[in-house]
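Good morning, colleagues. I shall speak briefly about two kinds of side-chain contact, and I ask you to keep the structure in view as we proceed.

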Amino acid sequence: MLQLKAIADNTTLANDVGVYVKNFPAETHLQTSNITIINGKPVVIFYGAQFCPYCAVSRWGMVLALMRFGNFSKLTYMLSSPTDVYPNTPTFTFYKSSYESNDITFESVGTETRLDAPLQTPNKLENATFSEFDLDNSAIPQDSRGGIPFIDFGNYSYEVGALILPSIIDNLSWSEVISSLSNPNTAQSKNIIGIANIYTAQICEITNFTEPVCKSSYVSSILKLENAE
């Protein structure tokens with residue numbers, strides 16, 4: 001994971017990519033509720049499943065963003081379902097991994113394996129947050145409710161569904177995806193680093209911009225777009 005960590009910490013690369021994701025900020029929803037705190041830190045929740053190709057491609061951006069604020073242990077590679085759309089999308093699994101950060105608490109839940117078997121049961125917070133802002137949320141279209149991935153940034157902002165498509169990494173290996181991220185002009189870099197930048201800005205908002213990465217020009221650009229919506 002050292003190569004991926006180097007990509008995450010490459011501010012020049014992140015600034016070169018900037019805000020590429022085309023449907024941002026339309027799919028990002030802002031809340032006015034108090035920021036959710038666990039262990040004295042704002043909490044970020046990633047709710048998905050291992051079979052889900054849209055969760056698979058979103059995890060790439062989430063991993064990069066989280067690496068800018070802390071470190072993973074036992075993060076392992078995974079493939080999405082072999083029978084769903086975009087079969088065998090290369091990704092990671094948060095299952096049995098751990099994450100340490102001075103800034104945030106990260107919680108993840110994967111409800112099913114890549115072969116659709118039960119895997120994890122959401123805890124009380126994960127279930128309540130998913131229900132309020134996704135499953136039972138009248139603010140989003142009926143046919144989108146219950147969609148995954150669902151990502152919540154301390155109840156300050158949340159996203160239902162993927163901001164990018166799995167097709168950008170379809171038929172690529174993990175090493176090929178990682179290699180492509182080093183070039184800001186590839187589709188993989190523009191999309192994956194693009195969403196990593198968006199997630200980073202959202203984390204900065206709930207952590208009072210304490211980390212140096214929050215002073216990056218791409219964070220400022222994203223927040224301007226977000227606030228203009």
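Let me begin with a definition: a salt bridge is a side-chain nitrogen of Lys or Arg within 4 Å of a carboxyl oxygen of Asp or Glu. Please bear in mind that we are looking at a predicted model.

How many salt bridges does the structure hold? The count is 1. The partners are Lys 5 and Asp 9, whose closest N and O atoms lie 3.5 Å apart. That distance qualifies because the cut-off is 4 Å.

I turn now to the aromatic rings. The structure has 15 aromatic pairs. One of them joins Phe 46 and Phe 94: the ring centres are 5.5 Å apart and the planes meet at 75°, so the pair is edge-to-face. The cut-off for that class is an angle over 60 degrees.

Where in the chain do these two residues sit? Phe 46 belongs to strand 3, residues 41-48, whereas Phe 94 lies in the loop between strand 6 (90-93) and strand 7 (98-101). The pair thus links distant parts of the chain, 48 residues apart.

Phe 46 is buried, at 1% relative accessibility, and Phe 94 is buried as well, at 7%. Both values count as buried because the limit is under 20%.

Finally, ring pairs join Phe 46 and Phe 94 with Phe 72, Tyr 99 and Phe 106 in a cluster. Thank you for your attention.

Key: Residues are numbered from 1 along each chain as its sequence is written. This is a predicted model: local features need pLDDT of at least 70, side-chain atom pairs count only at pLDDT 80 or more; totals for chains, interfaces and linings use all residues. Side-chain values use heavy atoms; hydrogens and water are left out. Rings of Phe, Tyr and Trp (its six-membered ring) pair if their centres lie within 6.5 Å; planes under 30 degrees apart count as stacked, over 60 as edge-to-face and the rest as tilted. Helices (H or I, at least four residues) and strands (E, at least two) are DSSP runs, numbered from the N terminus. Buried means under 20% relative accessible area, exposed over 50%, partly exposed in between (1.4 Å probe, protein chains only).
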